[in-house]
Amino acid sequence: MRSVYAARRRLLAVALCGAGFAAITSLTTSVANGQTKAAPSVLKGAYTEEQAIRGQALYYAQCLSCHGEDMAGLDQAPPLAGPVFSGVWEGESLWALVQRIDMMPPTQPGTLSRDDAVAILAYMLWYNGLPIGDAPLSTEQRVLAEMTFHAPPLPGQ
Amino acid sequence: MKPTRILLSAAALGAALSITTVARTQPADSAAAPEWPTYGGNLASHRYSPLDQINAENFKDLEIAWRLRTDFLGPRPDTLYSATPLYVNGLLYTTAGQRRAAIALDPATGELIWMHREDEGARGDAAARQGAGRGVSYWASPDGADRRIVYVTPGYRMLALDADTGLPIESFGDDGVVDLKLDFDQEIDPIDSNVGLNATPLIVNDVIVVGAAHRPAGSMDSTWNVRGYVRGYDVRTGERLWTFHTIPLRGEFGYDTWEDGSAERNGNTGVWAQMSADPELGLVYLPVEMPTADYNGFNRPGDGLFGESLVAVDVRTGERRWHYQTVHHGLWDYDLPCAPILFDMQKDGETVKALAQPTKSAFLFVLNRETGEPIWPIEERPVPQSESPYEKTSPTQPFPTWPEPFDRQGISHDDLNDLTPELRAEAEELVKSYRLGPLFTPPAVDTPDGPLGTLMLPADVGGANWPGGAFDPETNRLYIHSHTAVFTLRNIPADLEPFDPSPAGAPRSSAAGGAGGPPPGLGAGPPGLGAGPPGLGADPPGLGAPRAGTFLQGTIPLIKPPYDRITAYDMNTGEMLWQKVHGTTPDNIRNHPALAGLDVERLGAYGRIFIGVLTTKTLLIAGEGSVHTNEAGETVALLRAYDKATGEDVEGRIEMPARQTGSPMTYMHNGKQYIVLAVTHAGANAGGELIAYALP
């Protein structure tokens, strides 16, 4: 499954959104005495940079050859970022996404550890334009089940 | 009623299990009712039924008659349930679940009659084509006493089951099983070799014809892949009768179309699509895919027969009668995706045995099916050439001059989204980073200063794809669904280097799709991440900036609508009769503030939408390929019907709980007409489901 891909990077000839990372904030939930911690929102930073980088390495090793460097999908492999992806997953729980990732790669389903599946999800969130936060994305089912996927706000919203 | 029978056998590869809950003494009814005995409705792949109990007046009254979730038939839910059941022998037959169980259902209720599963262990896990597959094939002896269901497992084994009980036919192959990784005219690994099939076999004149499919070839590690030879088997014994070498052996016709002896070092070139057959002519029509790899032909200079060709083969001997190549030396993954539609054309006062082969590139190749001669002229026209010195682009490609293509071909500034002036301006800015061009523009070499790639329209997945079209033999009209999406095609800079033709040399297929990608507003990564010189290497680049997608304002396609459509042709004249936008606009386009005030309710569904259509006496029926939110806030996809003469919408809003992923079929059972189709749910409810609709 390993694919040797040229590692490339470039600043893209697209307008960078003014909101950008200035708008990124950390988790807005607070933990006070006796209060239950609310599940963090993917729109406000629900994973760490470290997680996303680890997820990227896993993605390059296990996912990229079919889903593409830009997560646009290829042949039978669906896109993992962008509007077609978010059209399917908008409002669905992150636990459902982790379960879906756990079915991958198709020839070795169920072989990713929970940590790895969550790291890949973190990289997917990053690629979908969702902000980095201060706390790592949980690997616990009950926490992930309470978190929902949302695409980043559209320009003008 | 007999008691439940359970057969457990310790097969070499794992356990096989058949469960029979009901043993019937005779088929239920329907001596006169039309059956649906093959995947395509008949061997001509018409997807047509003369039934008319469900019609334009009552379509709006359709209700769900029964539903069957497939999760319990495999270790995980289906992710793209694409089967079309058969209705024959008074039962409904199909495959279902991630383990591709064969099942028989009560057509009135969906109740399980029998089930056969194969646990293929490591061989199944390594399957080149996973999942439930597209269904099964049926055969009956002339006296009707011997009735069989034939299908191919994920591990590429062919089974023949008793159609009444689901128990393996012991006289077929090795206790009901033929190992398709053997007797293949090539040595391949018995467990993890890259070959399988999710299409149904085709049975004609007592011969089972079996194709071959591989893992998607954009991701091949080497061009030395398994060859996708096609084979014929005796339906009674499972004996191999013939093998057609889709990559010719030395000395065989077509070998010299592989320059530099490259036939010796290439694979794929299988038939992953459905096939059609003419029992009277004794011909089976093979829509052949491309050689390895999808977007790079360095290792296969020349036209490469029978890549991307339609081949007519004698079903008794496997000998080639004729062939027609639809793409020479393909670089676009425009391989033949579906069964050709066979029909008798009324032309100039004569009846011509013809066929129409839909393509991903949105052509209909209309040929005489006896001779392979074009019905209307097909011209070889010059096409753009690759800038890589190692890619020997074909100087010309075949262009059917008639009928007109059923979807847009090539991309120019005229194709850019112009729903608003602002969107048009953004689109113009975005395409400055890409190469535009006509159909068959080769991949651009993606260099730091150069374009990000070639924009390709139709996308690699079409145009048309595996569902193919439908045909009404009473009026000789053909219907086909297609979708209009952009794909980014690129070579990497290494493609400017010489190619290593040894087994270790990767084919460097490096295209990237255009149906995804992040919103262009995403900013650069945080400081300290992913800095460093751009260059080649196997390591991930670190979090820099994601690649741009081909969307405007986050979610609006770069190109102008419509995004999916159905086209109708008169096949006596080739004239296009009508085109109709099919799908409801997805939420994230429909509700976009940049489109406020515009009528964008039905621009079509965007993305990888594969929709099969069904024709009945008066209707054309197809579900939507993506979901949207209705007024009640529910996630739905519509089952739509059209007046097949005019394309007008038929009254009625039939909301399905998930998107259509398998082509619909219909049957009459005990006086009631049913429409059955496979859908796939996403998210927390993920999984496949068969849904049957009928009148109250």
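Asn268(B) lies in the loop between strand 15 and strand 16 of chain B, where strands are DSSP runs of E with at least two residues and helices are runs of H or I with at least four, both numbered from the N terminus. The model is predicted, so local features need pLDDT of at least 70 and side-chain atom pairs count only at pLDDT 80 or more, while totals for chains, interfaces and linings use all residues. Side-chain values use heavy atoms, without hydrogens and water; residues are numbered from 1 along each chain as its sequence is written, and chains are lettered from A and ligands numbered from 1 in the order in which they are written.

Phi of Asn268(B) is near 60°, a positive value in a residue other than glycine. Asn268(B) has a relative accessible area of 1% and is therefore buried (under 20% relative accessible area, with exposed meaning over 50% and partly exposed in between, for a 1.4 Å probe and protein chains only). A positive phi, of about 60°, is also found at Asp333(B), which is not a glycine. Asp333(B) is placed in the loop between strand 19 (320–325) and strand 20 (341–347) of chain B, and is buried with a relative accessible area of 1%. Most residues other than glycine have a negative phi, and most peptide bonds are trans.

Two cis peptide bonds in chain B can be described. The bond from Leu305(B) to Phe306(B) is cis, with omega near 5°, and Phe306(B) is found in the loop between strand 17 (283–287) and strand 18 (309–314). The bond from Gly462(B) to Gly463(B) is cis as well, with omega near 20°; Gly463(B) belongs to the loop between strand 26 and strand 27 (469–472).

Leu305(B) also takes part in a contact (heavy atoms within 4.5 Å) with Gly254(B). Gly254(B) lies in the loop between strand 15 (240–244) and strand 16 (276–278) of chain B. The C-alpha atoms of Gly254(B) and Leu305(B) are separated by 5.6 Å, although the two are 51 residues apart along the chain. When residues up to four places away in sequence are not counted, Gly254(B) touches Pro248(B) and Leu305(B). The relative accessibility of Gly254(B) is 4%, so it counts as buried.

Ser49(B) is found between strand 2 (14–20) and strand 3 (63–69). Leaving aside residues up to four places away in sequence, Ser49(B) touches Pro34(B), Trp36(B), Thr615(B), Thr616(B), Lys617(B) and Thr666(B).

In helix 2 (residues 421–431) of chain B, the residues Leu423(B), Ala427(B), Leu430(B) and Val431(B) are buried. Seen down the axis of helix 2 of chain B, these buried residues fall within an arc of 90°, so they line one face of the helix; the arc is that of the directions from the helix axis to the C-beta atoms. The face turned away from the buried side of helix 2 carries the exposed residues Pro421(B) and Glu422(B). Strand 26 (454–456), strand 30 (551–552) and strand 31 (556–557) of chain B are packed against by the buried residues of helix 2.

A search of the whole structure finds eight cavities of 30 Å³ or more. A cavity is a set of points, on a 1 Å grid over the protein atoms alone, where a 1.4 Å probe fits but cannot get out, and its lining residues have an atom within 4 Å of a point. The second largest cavity holds about 70 Å³ of space, the volume being the space filled by probe spheres set on the points, which are joined across faces, edges and corners. Among its lining residues are Tyr39(B), Arg47(B), Gln274(B), Cys338(B) and Trp466(B). The lining of the second largest cavity divides into six nonpolar, five polar and one charged residue.

Chain B as a whole has three helices and 42 strands, and 66% of its 696 residues are buried. Of the contacts in chain B between residues at least 6 apart in sequence, 64% join residues at least 24 apart. Chain A has six helices and zero strands, and 53% of its 157 residues are buried. For chain A, 66% of the contacts between residues at least 6 apart in sequence join residues at least 24 apart.

Terms used:
On a 1 Å grid over the protein atoms alone, a cavity is a set of points where a 1.4 Å probe fits but cannot get out, and a pocket is an open set with protein on both sides within 12 Å along at least five of seven lines; lining residues have an atom within 4 Å of a point. Ala, Val, Leu, Ile, Met, Phe, Trp, Tyr, Cys and Pro count as nonpolar, Asp, Glu, Lys and Arg as charged, and the others, Gly among them, as polar.
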